[in-house]
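Colleague: Please take me through one part of this model in detail: the sheet and what surrounds it. Keep it brisk.

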Amino acid sequence: MKGILKVTDKNPEATIRNLCRQWLSEKSPSARPQAQRLAALLVPAVGRNGVFTRVLVSDPNRLAEVTPLLPVMSGNGAAIVAEIARGPATDTKVGLFLRPCELRAVVELVKLRQIVLDNVVLIGIDCPGTYKAAGFSTIVPYRHSSIQARDPDFNNNFVRNQKDYLTNEELRVACQLCEFPKPLVFDLAIGFLGMEVDQELWLEAATDKGKALLEGIELEAGEEPAKRRQALAELVEGRKARAEKQIRELDKVIMGPEKLVRYFANCLNCHNCMKVCPVCYCRECFFESEVFQRDLAEHVRLSRHKGLTRMPSETLLFHLTRMNHMMTSCVACGICEDSCPVAIGLTTLFKKVSRNAQAEFGYLAGRSLEEPLPLTTFREEEFRSLGEE
Amino acid sequence: MEGFEPKIVGFLCNWCTYAGADLAGTSRLQYPPNMRPIRVMCSGAVDSVYILRALLEGADGVFIGGCHPGDCHYVSGNYKARRRMVLFNSIMKSLGLDEGRVLLRWISAAEGRRFAETVTEMTESLRQKGPSPFKALWEV
């Protein structure tokens with residue numbers, strides 16, 4: 001089920017809020033059965049004091065405070081989903097507004113058995129890019145005329161001014177390289193890219209759960225408009241070209257042992273990149289286990305290998321191992337880089353390494369719930385030369 | 001590079017390659033003493049962290065030996081090791097690191113000669129390559 005939703009009062013964000021109201025209300029206009037109603041929604045929100053985050057909203061009267069179109073990423077939402085979507089099916093269903101990269105991470109976590117989708121409805125929303133939450137309220141206002149604080153219509157203007165997406169260099173690095181502005185796996189998707197957003201939004205239900213949300217909502221059914229498809233294609237092409245350019249630049253500073261060591265030189269061993277990574281799912285990381293708690297004698301023994309060891313030790317080992325453990329599920333959301341206190345450029349690096357790694361297996365993280373994880377499956381007739389010669 | 005003798009850390013599967021190494025010994029086959037063997041239960045149990053740790057600590061090469069495809073004592077451990085090796089090689093290539101210092105090879109319990117030849121071949125190839133660049137890098 002898909003089609004165009006009329007935007008009311010030239011206000012796309014309010015139109016989406018209105019959808020939320022229908023999903024949260026006790027009795028919707030269509031008086032649909034109780035079971036189809038959502039108990040709560042996970043949506044981006046802005047606090048009056050300038051807090052840019054997500055909220056779980058259950059009271060339809062508080063919907064004025066949520067901002068489904070807020071272009072700010074404070075974390076990869078899949079990590080939140082992994083916390084709340086674990087139990088067996090109940091009557092309590094929660095709708096989750098998620099960006100395409102967050103949905104892709106959710107797909108990986110489902111396959112890693114960290115998320116159970118029974119109690120949640122995935123509401124994907126187009127994303128042409130986001131700002132970092134940190135600094136959004138201070139940096140953006142100085143350089144942009146339209147700001148959250150001064151311009152109460154910032155979010156709507158952001159989705160209206162679609163020409164800027166490819167040139168806006170204040171977007172997060174990951175977003176500037178992102179090839180997935182539209183959700184791939186979802187129950188219901190809300191699209192604004194390539195649409196006349198003051199008039200219409202694009203809605204698409206991919207599952208029964210998604211269709212249930214569209215019941216009682218007036219849609220002009222049809223195929224995805226050509227101008228939307230074209231706008232998406234242009235955005236993706238632009239982003240791909242940018243990614244290629246960035247990777248070429250990156251190669252100048254990472255290739256080979258000497259450069260690679262220098263690239264990670266300032267690592268503090270804080271493991272933030274691992275902690276915020278949505279697909280780094282282990283409850284206890286191997287690198288924080290007792291294996292790495294060594295006594296003095298052991299440290300001295302290690303030091304004798306080279307005559308001196310860096311302390312804290314084995315920072316590069318951590319990053320290289322993390323890549324080996326996670327690269328097939330990396331969605332290149334770049335939240336690792338946002339969390340790095342010494343600003344190591346992890347986004348482009350992980351983009352390159354994960355893309356190459358996934359290509360080896362014809363896999364793309366987050367593309368499908370059915371595609372098995374590359375490291376949990378195998379075929380007898382593959383990579384035959386490995387091990388033989 | 002005169003007089004350079006590579007150090008190889010070898011992870012040998014208990015059921016095939018370790019027995020193959022044993023056979024090489026009991027058959028009195030001559031091969032270079034450059035490999036330090038570590039017996040593991042399965043090639044599929046060799047996590048990349050072990051390979052990386054050896055390399056970053058200064059090992060010149062890492063060898064992983066497992067049962068031939070179809071012969072795994074645990075049915076599919078070697079197939080999984082093979083996939084992990086593909087991933088490992090891909091990551092090494094993406095970072096400009098020499099994946100040629102790591103070798104995965106299937107050697108059965110009956111293939112003592114293949115084991116001796118593998119160690120000889122690998123030692124020779126590492127002699128040509130020279131010491132691991134990580135040996136001189138304490139900053140890792």
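Modeller: First, a term: helices (H or I, at least four residues) and strands (E, at least two) are DSSP runs, numbered from the N terminus. Two strands pair if DSSP finds at least two bridges between them. This is a predicted model, in which local features need pLDDT of at least 70, side-chain atom pairs count only at pLDDT 80 or more, and totals for chains, interfaces and linings use all residues. Residues are numbered from 1 along each chain as its sequence is written, while chains are lettered from A and ligands numbered from 1 in the order in which they are written.

Strands β2 (residues 40-46) and β3 (residues 52-57) of chain A are antiparallel, with six bridges. There A:Ala45 stands opposite A:Thr53 of β3(A). Five residues lie between the strands of this hairpin, and A:Gly50 has a positive phi near 85°.

Next, β1. Strand β1 (residues 2-6) of chain A runs antiparallel to strand β9 (residues 200-205) of chain A, joined by five bridges. In this pair A:Leu5 stands opposite A:Leu201 of β9(A). Contact here means that the C-beta atoms of two residues, placed from the backbone, lie within 7 Å.

Now the surroundings. Chain A is assigned domain 1 (2-228) and domain 2 (267-376), with bounds from an automatic or database domain assignment. Their centres, taken over C-alpha atoms, are 30 Å apart. The contact takes 22 residues from domain 1 of chain A and 21 residues from domain 2 of chain A. On the domain 1 side, α2 (78-84), α3 (100-111) and α6 (173-176) of chain A each supply at least two residues. Of the elements there, α3(A) gives the most, with nine residues.
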